[in-house]
Amino acid sequence: MRKKITVGILAAGLVLLLVLAGAGAAAAYHFTGMPGGLPVTGLPGGLPVLRLGADDKDEGKGNEAEGAVTDISGTSITLQTKAGTSVVVVTSAGTTFTREKLNAVFSDIHMGDKVEAKGTPNADGTFEATSLKIKLPEAEDKSNEAGDKGNEAEGQVTEAGGTSIVVQTKSGASVTLSISAGTTFSKDKQESSVLDVHVGDKVEAKGTPNADGTFSAASVKIKLPKIEGTVTSVTGQDISVDTKNGPQTVHSSETTTVTKEKRPSSLADVAVGVRIKAQGTLNPDGSLVATSLAIKGQETGE
């Protein structure tokens with residue numbers, strides 16, 4: 001009994017001492033227990049326990065800062081978090097930048113962008129970033145008249161230019177993609193450019209729909225044409241394929257990459273009755289010059 005009273009007095013005295021010292025505003029300690037393994041969940045007589053420690057950052061993740069860019073100054077940016085508070089993110093020569101999984105630089109950050117920084121909070125309230133991810137804007141609308149997916153637009157190219165691309169969506173509507181210096185392009189998982197976009201290509205763009213019906217593209221993925229179906233004949237390096245759109249021809253060559261069950265294979269494994277998926281370049285006659293060919297398996301006939 002005497003031991004419990006002593007522990008209680010010690011705990012109350014310690015709390016009172018810290019309060020009088022003004023430690024409640026800046027201390028970075030958390031009291032999770034007392035000597036002897038006694039948990040500090042309350043004090044004798046129902047007195048509350050004082051829990052001291054630096055609050056988590058407004059973004060709530062400690063080593064992360066996330067929000068919309070409200071100011072850009074030198075090598076620092078100011079973010080407004082979801083909680084409505086401002087955080088200054090400091091970058092350095094060692095900070096890495098990414099945008100759409102591609103390497104980026106500080107100059108790719110613009111007012112209004114949403115970014116996610118990882119690093120270390122500083123004592124002065126700023127945030128030292130070791131990495132910074134520029135996030136694509138999310139459209140509030142999940143669909144629009146163009147028939148896209150809110151922050152995505154997909155279709156077949158009907159017009160191609162240096163600053164804009166017109167695509168026809170599955171719904172038949174036309175959408176103009178606005179291209180800027182910051183727009184990134186990829187083709188067959190490789191970095192590409194607007195010069196690689198041609199009429200007839202299928203593209204998938206991510207970005208922001210504009211009030212005038214156009215679409216500001218942050219990234220454009222050029223999708224390779226493909227032919228998929230069952231092989232009906234093989235003549236040299238020409239393969240006839242029965243597809244859902246009817247008979248089509250695939251032209252292969254020594255440079256065509258052939259795989260079977262995701263493993264390297266050869267054209268020798270392409271035989272009548274096998275299902276294939278070929279990707280490459282379409283000819284005006286509708287045939288396809290294959291850059292890659294995947295053998296999917298034998299047609300079962302069921």
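Which residue forms a salt bridge with Lys118, and how far apart are the closest N and O atoms?

Tutor: Keep in mind that this is a predicted model. In it, the partner of Lys118 is Glu64, and the closest N and O atoms of the two are 4.0 Å apart. The cut-off that matters here is that the nitrogen be within 4 Å of the carboxyl oxygen. Five salt bridges are counted by this rule. As for where the two residues sit, Glu64 belongs to strand 1 (residues 64–73) and Lys118 to strand 6 (residues 114–121), so the pair ties together parts that are 54 residues apart in sequence. Side chains of opposite charge can pair when their charged atoms come close.

Other lysines are placed in another way. Lys170, Lys202, Lys226, Lys244, Lys262 and Lys296 gather on the surface in a patch of positive charge. One of them, Lys296, lies in strand 21, which covers residues 288–298.

A word on confidence: the chain has a mean pLDDT of 78, with 73% of its residues at 70 or more. Over residues 18–60 the pLDDT stays under 50, and the model has 52 contacts beyond four places in sequence for them. Residues 138–148 also have a pLDDT below 50, with 18 contacts beyond near neighbours in sequence.

Note on methods
Residues are numbered from 1 along each chain as its sequence is written. This is a predicted model: local features need pLDDT of at least 70, side-chain atom pairs count only at pLDDT 80 or more; totals for chains, interfaces and linings use all residues. Side-chain values use heavy atoms; hydrogens and water are left out. Patches are made of residues with over 30% relative accessible area and no salt bridge: like charges are joined within 9 Å, nonpolar side chains (Val, Leu, Ile, Met, Phe, Trp, Tyr) within 5 Å. Accessible areas come from the Shrake-Rupley method with a 1.4 Å probe; for residues, only the protein chains shown count as cover. A salt bridge is a side-chain nitrogen of Lys or Arg within 4 Å of a carboxyl oxygen of Asp or Glu. Lys and Arg count as positive and Asp and Glu as negative; His and the chain ends are not counted. The place of a charge is taken as NZ of Lys, CZ of Arg, CG of Asp or CD of Glu. Helices (H or I, at least four residues) and strands (E, at least two) are DSSP runs, numbered from the N terminus. pLDDT is the predictor's confidence in each residue, from 0 to 100. Contact means heavy atoms within 4.5 Å.
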